[in-house]
Amino acid sequence: MEKVVATWKSLALPDSLSFLIKSGMLLLLSGFILYYLLGATYPPLHDTLHDFRHSLAIVPCH
Amino acid sequence: MPLIVRLALFLCLFFSARAAPAQGAGGEIGMQTFPLLKQVRPLAEPVRTVLIILDSNGRALKKGTAHIRLVAPAPGRFFSTDFPVIEGTPLLEMDLPILQGRAAWEYLFPIRGVYRLEVRAVAEEGTGIERVFDLEIRENRMRLFYLAIFALALFVFGIMAGRLFTGGKRGL
């Protein structure tokens with residue numbers, strides 16, 4: 001068990017690199033979600049979120 | 001003449017030209033809206049616009065035709081409206097009869113911004129008066145409120161994600 005823990009620790013990424021990867025993935029995911037919420041023209045999405053988009057004043061809908 | 005005096009003179013001429021009641025020698029065109037423009041919000045309620053057309057003697061023009069052209073606000077530099085397809089495009093173009101110096105119509109303004117209303121009134125005898133109005137429609141306050149809430153939610157989400165990823169060690 002100790003060996004497994006030691007091996008796992010040696011594989012762990014440095015803090016700064018881990019933060020960079022995690023924050024990059026979060027930004028990418030947030031970007032996708034925001035695009036689908038506010039900008040996608042796919043009809044089922046657009047029709048569902050139509051009123052929401054119009055209610056935000058600066059989001060182009062048409 | 002010093003440059004500052006020239007500049008002041010230019011600004012005086014510029015603003016006095018903007019404030020002139022009519023662009024044309026044959027009379028004047030005034031406008032009233034119901035409700036007042038500062039109370040109007042996009043897609044909220046139809047606005048009744050009344051043009052008051054006076055001849056060169058200051059009396060109401062008895063008969064004639066008013067040619068109306070309404071152009072939507074130009075696109076903003078940074079932020080779009082919710083209906084960018086119509087920004088800067090002509091929305092209305094019509095001829096209205098002038099009866100006892102008045103021509104009126106109702107219109108539901110679709111987006112915020114400064115609309116350009118071009119009016120050309122032609123009397124029966126053929127004399128024309130032209131004027132351009134700038135109509136400013138303000139954004140619905142509730143929409144700005146929702147936008148602020150949305151921006152705040154994104155901000156809070158960003159802070160929470162930052163704290164989660166750094167385990168609270170980076171002083172966030």
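In which sense do strand β1 and strand β2 of chain B pair, and over how many bridges? Strand β1 (residues 27-34) and strand β2 (residues 47-55) of chain B run in the antiparallel sense, with 8 bridges between them. Pairing here takes at least two DSSP bridges between two strands, and helices (H or I, at least four residues) and strands (E, at least two) are DSSP runs numbered from the N terminus.

Before going on, some ground rules: this is a predicted model, where local features need pLDDT of at least 70, side-chain atom pairs count only at pLDDT 80 or more, and totals for chains, interfaces and linings use all residues. Residues are numbered from 1 along each chain as its sequence is written, while chains are lettered from A and ligands numbered from 1 in the order in which they are written.

Back to the strands. B:Ile29 sits opposite B:Ile53 of β2(B). β2(B) is also joined by 6 bridges to strand β5 (residues 102-107) of chain B, again antiparallel, and there B:Thr49 has B:Trp105 of β5(B) as its bridge partner. The peptide bond joining B:Phe34 and B:Pro35 is cis, with omega about 0°.

Zooming out, chain B splits into domain 1 (22-139) and domain 2 (140-172), with bounds from an automatic or database domain assignment. Their C-alpha centres are 43 Å apart.

Now for the helices. Helix α2 (residues 15-38) of chain A packs with helix α2 (residues 141-166) of chain B at about 150°, the axes being 10 Å apart. Axes are lines fitted to C-alpha atoms, for helices over the stretch in contact, and angles run from 0 to 180 degrees between N-to-C directions. α2(A) and α2(B) are therefore roughly antiparallel, as angles over 145 degrees count that way. The contact uses A:Phe19, A:Lys22, A:Ser23 and A:Leu26 from α2(A), and B:Ala161, B:Phe165 and B:Thr166 from α2(B); contact means C-beta atoms, placed from the backbone, within 7 Å. By class, that's 4 nonpolar, 2 polar and 1 charged residues. Nonpolar means Ala, Val, Leu, Ile, Met, Phe, Trp, Tyr, Cys and Pro, charged means Asp, Glu, Lys and Arg, and the others, Gly among them, are polar.

One last stop in chain A: A:Ala57, in the segment after α3 (43-54), has a positive phi near 70°. Most residues other than glycine have a negative phi.

Note on methods
Angles under 35 degrees count as roughly parallel, over 145 as roughly antiparallel, 65 to 115 as roughly perpendicular and the rest as oblique. Two residues are in contact if their C-beta atoms, placed from the backbone, lie within 7 Å.
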